[in-house]
Amino acid sequence: MDLDFTDAELHRYSRHILLQDVGAVGQARLRAARVLVVGAGGLGAPLALYLAAAGVGTIGLVDHDALELSNLQRQVIHATSRIGRNKADSAAETLAALNPEIRVEVHATRLDAATAQDLIPRYDIVCDGTDNFATRFLLGDACHLLGRTLVSAAVLRFEGQLSTFKSHAGPPHPCHRCLHPEIPPDGLVPSCSEAGVLGAVTGVMGTLQATEVLKEILGIGEGMSGRLLLWDALDTRFRTVKLRRDPGCALCGEGATIRDLSAHRPAVLACTA
Ligand SMILES: [Zn+2]
């Protein structure tokens, strides 16, 4: 691994390098890492900001949508002057201003099975910052089949959830379908655009996601695979429940029936949290 840092890099990352669990080797790992952030919205905003600030060397941003006024209540990576612009493009501009040492790859495209198949193998870790089940299931299936770790978060109203899926590494790691075998029927679970969300809740969950991504890259601490974090902002309580790998799971079980992404229709990043 390349351990050569410029003086500017050593200065910029000095608070990381001071940490025994990071150090220069950890910082070099971050610089070599490639992370794909799907959705430059409420979760993607703090997530991408902290990954960029931390010196993650390459960040891919996927978002097809144009910035709207109603996004700015929580999507703090953007600016009022950029309404109408593509959100991945707007986020990339903010990241470049924060940390010009890193590379940002903009994918202003809809995520469908073909783009997932094309993009995911180019990155080490994938983060789900979307807010619809079609994209969520596509990402979960694609990461398992393509052998990538997925750090996933979800928000609604005053609540958040977080987990990491690395079922591609085999047992005991569960996949997203061990938790939710099938996409819930339309209308059963409302989206943020239907039910609302407190902006700061997306900020906390996206920041937790960034922390888990950094831990996965650095190989430190206890990851969230096999655990689901539940947070209720109104009573300020965090709970963690165990997730178990389901031997009968259609994606990661012994008799798995999902072997490719052909069942997935094009997914729309309608409301990126
Ligand atoms: Zn499974």
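Visitor: Is Arg31 buried or exposed, or partly exposed?
Guide: Arg31 is partly exposed, as its relative accessibility is 24%. Buried means under 20% relative accessible area, exposed over 50%, partly exposed in between (1.4 Å probe, protein chains only). This is a predicted model: local features need pLDDT of at least 70, side-chain atom pairs count only at pLDDT 80 or more, and totals for chains, interfaces and linings use all residues. Residues are numbered from 1 along each chain as its sequence is written, and side-chain values use heavy atoms, without hydrogens and water.

Visitor: What does Arg31 form a salt bridge with?
Guide: Glu9, with the closest N and O atoms 3.2 Å apart. A salt bridge here is a side-chain nitrogen of Lys or Arg within 4 Å of a carboxyl oxygen of Asp or Glu. Glu9 is in helix H1 (residues 7–12) and Arg31 in helix H3, 22 residues apart. Helices (H or I, at least four residues) and strands (E, at least two) are DSSP runs, numbered from the N terminus.

Visitor: And Glu9, buried or exposed?
Guide: Buried, at 7% relative accessibility.

Visitor: How many salt bridges in total?
Guide: The count comes to 14. One of them joins Glu105 and Arg34 at 3.1 Å, N to O. Glu105 lies in strand E3 (residues 103–107) and Arg34 in strand E1 (residues 34–38), so the pair ties together parts 71 residues apart in sequence.

Visitor: Which ring does the charged end of Arg34 sit over?
Guide: That of Tyr123, 4.7 Å from the ring centre. The rule wants NZ of Lys or CZ of Arg within 6 Å of the ring centre and within 35 degrees of the ring normal.

Visitor: Which residues are linked in a network of salt bridges?
Guide: Arg82, Arg85, Asp89 and Glu93.

Visitor: Switching to aromatics. How many pairs?
Guide: The whole-structure search finds 1 aromatic pair. The rings of Trp231 and Phe238 have centres 5.5 Å apart and planes at 10 degrees, so they are stacked. Rings of Phe, Tyr and Trp (its six-membered ring) pair if their centres lie within 6.5 Å; planes under 30 degrees apart count as stacked, over 60 as edge-to-face and the rest as tilted. Trp231 is buried at 10% relative accessibility, while Phe238 is partly exposed at 48%.

Visitor: How many disulfides?
Guide: The search finds 0 (the rule is cysteine sulfur atoms within 2.5 Å). For Cys127, the nearest cysteine sulfur is that of Cys143, 9.3 Å away. Cys127 is buried at 0% relative accessibility.
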